[in-house]
Amino acid sequence: MPKYNKKKINLKNQRDLLIVVLSLIAITLYLILRLTELSPSYQNLPLIAILISGGIPLVCDLIKKAIRKEFGSDLLAGISIITAFILQEYLAGTIVVLMLSGGRTLEQYAVKNASSVLRALSERMPSIAHKIDNEHIIEIETENINIGDELYIYPHEYCPADGTVIEGHGVMNESYLTGEPSMIEKTPGSAVLSGSINGDTLLKIRADKLARDSRYASIMKVMEESNQHRPKIRRLGDELGAIYAPFALIFAICAWMISGDATRFLAVLVIATPCPLLIAIPVAIIGSITLGAKRGIIIKDPASLEQVDKCKTLIFDKTGTLTYGAPQLVDQDIFNGFSQKEVLSLTASIERYSKHPLAKPIVQAAVNTNIPLSNAQKISEQPGIGLRGVVDDKTITVTGRKHFANVNPKEMKSLPPEKSGMECIVTINDKIAARYTFRDTPRLDGSAFIKHLGKKHNAKRMLLVSGDKQSEVQYLADMIGIKETFCETSPERKLEIIKEITEKENTIFVGDGINDAPALLASTAGIAMGQNSEITASAAKVVIMDSGLKKVDEFIHISRRLRFVALQSAIGGMALSVIGMGFAACGYLTPVTGAVLQEIIDALAILNALRTAFKPRILSDF
């Protein structure tokens, strides 16, 4: 598993902050030296030093962006720095360095590095396993685990491989997979998953898969792929800069050509430096992030925040997003003379050891009716086959309709037609005993919210993408009014669907489980509902802390307000800059005066941008 160097990730952020500090120190020293009788060449030394040490890295970054054909709002700043150095207008150049690095520092302050997702995943995976070799315990690298190896998992350790318990009784926390708190009891025969956390007891397991083939490694691989192919979002500042920068550059060249004075070229560029884009927009973003945090909405990605109001395609996961994520046992059809109480007691006795989402409601139904549970033995659970165990010398199996039909084709005649919702088939000593039906309760406000998105936010397309079977997905879609559905999707397939749609249009994806993490990364704006999974929260651009759909609406309104205030600050600031450019072109403003005037314009734009931090009278119309 890859490891990540946090110092390397933060190096660029620290460099920009250092340039800000050094620029302020250089300007202060210059002003102090101006009071002395030293020659101008000595007075300018602090400014020259910062132009070399701070300006060159910034200009190099801009050159790299230009090579990649990424022409943004900071292009004029780079040209101004170079021109100021050539024309020996060191103070003007240093002020531009301060403005450019200051804007980048403000934006970086608001950005959470995407690699934190992979870092959070990799840090969960142990690098060492305790292998039993000729009755001795040796430590080996997890990549050297072979199928059939017997391993010890110490209390509170992460499980190093997918496998089966062969000795010991205890519990393991498998919440990383489902995104929901899930303490699963383990006994000989129980399956264990790599990355899950052992409880208080020692467990002995047999490795059933190589580390690289485990479910955990599979999710990690999908996550890496989605992180490498994240959608490239054009930032608001770059959209405006793409229009403004060429205009300002042509204006400056014309001023130079007409007057024959290169200083006018620099004066126009300095006052044209789009600091309302470089600083006011980041300030507006930070204000929006602050407001979101006060409302229980953690906004981690400024780029998605800028784009959400433009997203007209919304994609939802089902469980825990449009439902409450807590299936309930709603029907118990009993067969072959068994009693409901007996079947529930035997079934719940083995379901205690299962990680399946339907295990909990079965056990809860037994607890709610005070039905006693018995000890179970010979537990086994295989994907696609189901759960099997022995209770009171009776063999109990819990499986799905498809597998039951393959194993017991004759018994299928006595099985009622499939209902909408989720179901499982229970057999006792190979005789059909029960058909349990479950329903995951839709959120009360789900249907109204879907209608609201179309009416108030002009949503053009809404989709439901889930790993559940078609009947259950379609049941929910019909209830809440979603037309397009994808069912029985794996994390890999879910990622493919999101990538295909996002390549054509901006998307919002809303989910809550770790299986949603790759899709959250791949969408234009990934929104994680609730606090269930640290991995999901790391992958998402936005985290809704209390899982309420109204908070999603509030976030969309925060995005809409951000764009309005940011555009107001940026366009208003640029309009004032254009007026100043006219005076500079006519020779009424020197480069330094232009830089000072630009700072005044910046202050006005920033004051307006600060409005985003305060709650408006209406933040949601849902």
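What covers the buried residues of helix H16? The cover includes strand S11 (313-316), strand S18 (461-465), helix H17 (470-480) and helix H21, where contact means heavy atoms within 4.5 Å. This is a predicted model, in which local features need pLDDT of at least 70, side-chain atom pairs count only at pLDDT 80 or more, and totals for chains, interfaces and linings use all residues. Residues are numbered from 1 along each chain as its sequence is written, and side-chain values use heavy atoms, with hydrogens and water left out.

**Helix H16**
- Helices (H or I, at least four residues) and strands (E, at least two) are DSSP runs, numbered from the N terminus.
- In H16 (residues 446-456), the buried residues are Gly446, Phe449, Ile450, His452 and Leu453; buried means under 20% relative accessible area, exposed over 50%, partly exposed in between (1.4 Å probe, protein chains only).
- These residues lie on the same side of H16 because they cover an arc of only 160 degrees around the axis, taken from the directions from the helix axis to the C-beta atoms.
- Exposed Lys451 and Lys455 sit on the face turned away from the buried side of H16.

- S14 (residues 386-391) pairs with S15 (residues 394-399) in the antiparallel sense over five bridges; two strands pair if DSSP finds at least two bridges between them.
- Two residues stand between the strands of this hairpin, and Asp392 takes a positive phi near 50 degrees.
- S15 also pairs with S16 (residues 422-428), in the antiparallel sense over four bridges.
- Val398 has Val426 in S16 as its bridge partner.
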